[in-house]
Each structure stands twice: as structure tokens, then as C-alpha cells.
Amino acid sequence: MPKIGNDWDAVIGGEFKKSYYTALRGFLKEEYANQTVYPDMYNLFAALKATPYEKVKVVILGQDPYHGPGQAHGMCFSVLPGVPAPPSLVNIYKEIESETGGFVPDNGYLMPWAEQGVLLLNTVLSVREGQPNSHKGKGWEEFTDAVIDALDKREKPMVFLLWGANARQKAARVNRERHLCLSAPHPSPLSAYNGFFGCGHFEKANEFLIETVQSPIDWQIPNINP
């Protein structure tokens, strides 16, 4: 049974014993054995490992992992140092630059966000190489529903940023009387100009955190190279 290694084990560990997850695990074993699948199986729960349940302040919900070689590492929109930022992340950086007056960093490694309490979660946590949405409908949605439900039950307010049609389907699970839930088109080049650019999500998230007596997120990813 998977182990996250922090308080998520107590919160959602029971999901791993349910029949849907048993079926999902069987599907994944076949996929990893016979296909090229991202991320590496040991990174499937990297987002939960990086941001413990009690430390979550913002949830960014994407679609499914990057489907190109060397990109996905288990945290939505993030890539490891040395990997060029994919187009969706470049657009995220452009929106942050527009909102905050910062700069576009030289890397796409979003761990600084995760360490501040930003849970970088996809609705589906695995994908075949070159085939977006190829693991849709296999059980991951039920698992990430459980993650969202667990967060929604927390009394401490948080921010949910839902980007893209798949992510927006989770909106009904969020108690908007307690939490801030914002939706926008996916930041990919195909849809960013349909409402992601100009959404103001990063400023709105910080305004809400400050209003609820929480420290805001520093959205500026530092440069790695001098």
C-alpha cells in the first residue's frame, strides 16, 4: 500500500484499500509494464509528499501530467531543474509577471510554491507518453475527489485554483462559504487567451489569505542560474 510519509497517510490512506483503487493499481501495473508512462511510478504522489495536509493554503488543480519525456515529476505544471519550462508554465509565469510585476524565472521547478503550502495537484496523476487524458476515467478522479473533500472539510480557509475543464468539475466539491474557489481556462497556448490571461488568480489568492490572517504566497520562483 502506498505511503505518503506525512499526515496525508492518516487523511486519505483508506482510499488505497478501496475497490476502485485496487482496479486502478492493476491498470497502472499493466501500463507501466507495457507503455511509457509519466511520471515515474515513485513520483505519483510527489505533490502530497511535498505539501502536508495541514500546511495546504492554496490548491492549484490541473488536468493530467505533462506527457513529454523528462517533464512530469508528480507536481502539476512543474518540471525539474534543467528542463525547459513547457508552454503552459510559461503562460502561468506571464500571468504572474502581469499581476505582480515580477520576472519570468529561468526554470520551471515549482517546489518553492509547494514548500509555502501550494498543493500542485492534477485531477489525474498519470499519463501515457504523447497521449493527454489517456488515463482519464481509470480511477484517479475518485482519488483526487477524496483529496479535495478532505481539504474542503478543514476549518481553516484555503484557496482553490481550478484551471481547465477537468479541474473545474471539482468546483462543486468546495464549500465557498469557507474557502475561495476560482476557475479559469487552462493556461495552455490553446486556451490561455480565452480567460486565463487576466484572471488575477495570484493576487486574489493572496488577498484572501491575508484576509483570513494567513501569510501570502511569494509567487516569484527564484532564478537558479546566476
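Which side chain meets that of Arg 128 in a salt bridge? In this predicted model, the partner of Arg 128 is Glu 31, with an N to O distance of 2.7 Å. Arg 128 belongs to strand S4 and Glu 31 to helix H2 (residues 19-34), so the contact ties together parts that are 97 residues apart in sequence. The two ends of the pair can also be described by their accessibility. Glu 31 is buried, at 6% relative accessibility, whereas Arg 128 is partly exposed, with a relative accessible area of 23%.

This pair belongs to a set of salt bridges, of which the structure holds five. Another is formed by Glu 15 and Lys 18, whose closest N and O atoms are 2.9 Å apart. Here Glu 15 counts as buried at 11% relative accessibility, while Lys 18, at 39%, is partly exposed.

A further salt bridge links Asp 145 with Lys 170, the closest N and O atoms being 2.5 Å apart. Asp 145 lies in helix H6 and Lys 170 in the loop between helix H7 (165-168) and S6, so this pair ties together parts that are 25 residues apart in sequence. Both Asp 145 and Lys 170 are buried. Through shared partners, salt bridges join Asp 145, Asp 149, Lys 170 and Arg 173 into one network.

Four strands form an open sheet in the order S3-S2-S5-S6, with parallel pairing. Strands S3 (118-122) and S6 (180-184) stand at the edges; each has a single partner strand, so one side of each is left without a neighbour in the sheet. On average, neighbouring strands of this sheet are turned by 15° against each other, direction ignored. The parallel strands S5 (residues 159-163) and S6 are joined by five bridges, and the bridge partner of Trp 163 in S6 is Ala 184.

Two helices lie across strands of this sheet. Helix H6 (residues 140-152) lies across S2 (58-62), S3 and S5, and runs at about 155° to S3. Helix H8 (residues 201-211) lies across S2, S5 and S6, running at about 180° to S6.

H8 also takes part in covering helix H4: what covers the buried residues of H4 includes helix H5 (111-116), S5 and H8. Among those buried residues are Leu 89, Ile 92, Tyr 93 and Ile 96, together with Glu 95 and Glu 99. H4 (residues 87-100) has 14 residues and reaches 20 Å from its first C-alpha to its last, close to the 20 Å expected at 1.5 Å a residue. Gly 101, which follows H4, has a positive phi near 75°.

Positive phi values also occur in residues other than glycine. One is Asn 133, with phi near 65°, in the loop between strand S4 (127-128) and H6; Asn 133 is partly exposed, at 29% relative accessibility. Another is Val 213, with phi near 60°, in the segment after H8. Val 213 is exposed, with a relative accessible area of 76%.

The loop between S4 and H6 also holds Lys 136, which is partly exposed at 41% relative accessible area. Leaving aside neighbours within four places in sequence, Lys 136 is in contact with Val 124, Glu 141 and Asn 166.

A last backbone feature concerns a proline. A cis peptide bond, with omega about -5°, joins Tyr 38 and Pro 39, and Pro 39 is found in the loop between strand S1 (37-38) and helix H3 (46-50).

Notes. Residues numbered from 1 in each chain as written. Predicted model: local features only at pLDDT ≥ 70, side-chain atom pairs only at ≥ 80, totals over all residues. Heavy atoms only, no water. Pairing = 2+ DSSP bridges. Axes fitted to C-alpha atoms, helices over the stretch in contact; angles between N-to-C directions. Contact = heavy atoms within 4.5 Å. Buried < 20%, exposed > 50% of the residue type's maximum accessible area, 1.4 Å probe, protein only. Expected span 1.5 Å × (residues − 1). Salt bridge = Lys/Arg side-chain N within 4 Å of Asp/Glu carboxyl O.
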